[in-house]
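Me: Please show the chain, so that its architecture can be discussed through questions and answers.

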Amino acid sequence: MELGMSSRTKRRITVATLLLAIAASCPALAATASLSSKGDAMVQFERGELVRLRSGGPMMTVSAVKEDQVKCIWTDDSGRPDDATFPADVLQKF
């Protein structure tokens, strides 16, 4: 019995399944975890660098990088320090 999925949905499921299978069988891809794509070049974040969310927001300082997660600190509008951890691919360098 068919679930009535569109061919577009079926293609998306197939592509997602293939990407997961490739990623699971290729541990070397994990070495690029702290990298983010910026155009065609790959950018690695380092402690002390200034970054901003690609969607905008305040300038932040990288305080730590672990795998594909980048911990950032900044001061909010009232001058109080704040911090959060973001996936590397949502950040851009300045």
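**Strand pairing and packing**

Reply: Strand E3 is joined to strand E7 (residues 91-93) by three bridges, and the two run antiparallel. Strands (E, at least two residues) and helices (H or I, at least four) are DSSP runs numbered from the N terminus, and two strands pair if DSSP finds at least two bridges between them. This is a predicted model, in which local features need pLDDT of at least 70 and side-chain atom pairs count only at pLDDT 80 or more, while totals for chains, interfaces and linings use all residues. Residues are numbered from 1 along each chain as its sequence is written, and side-chain values use heavy atoms, with hydrogens and water left out.

Me: Which residue in E7 is the bridge partner of Leu53?
Reply: The bridges between E3 and E7 belong to an antiparallel arrangement. Within E7, the residue bridged to Leu53 is Leu91.

Me: Which residue takes a positive phi in the hairpin of E3 and E4?
Reply: Strand E3 (residues 50-53) pairs with strand E4 (residues 60-66) in the antiparallel sense over two bridges, and Val51 stands opposite Met60 in E4. Six residues lie between the strands of this hairpin. The residue there with a positive phi, near 110°, is Gly56.

Me: What pattern does the chain follow along the sequence?
Reply: The chain contains one helix and seven strands. Read along the sequence, their pattern is α-β-β-β-β-β-β-β.

Me: Which residue forms a salt bridge with Lys93?
Reply: A salt bridge is a side-chain nitrogen of Lys or Arg within 4 Å of a carboxyl oxygen of Asp or Glu, and the whole structure holds two. In the one that involves Lys93, the closest N and O atoms are 2.9 Å apart, and the partner is Glu49. This pair links distant parts of the chain, 44 residues apart: Lys93 lies in strand E7, and the loop between E2 and E3 holds Glu49.

Me: Why does Lys93 count as partly exposed?
Reply: Buried means under 20% relative accessible area, exposed over 50%, and partly exposed in between (1.4 Å probe, protein chains only). Glu49 counts as partly exposed because its relative accessibility is 21%. Lys93 likewise counts as partly exposed, because its relative accessibility is 26%.

Me: How far apart are the closest N and O atoms of Arg80 and Asp76?
Reply: Arg80 is exposed, with a relative accessible area of 55%, whereas Asp76 is partly exposed at 26%. These residues form a salt bridge, and their closest N and O atoms are separated by 4.0 Å.

Me: What share of the residues in the chain is buried?
Reply: In soluble globular proteins, nonpolar side chains tend to be buried together. Of the 94 residues in the chain, the buried share is 14%.
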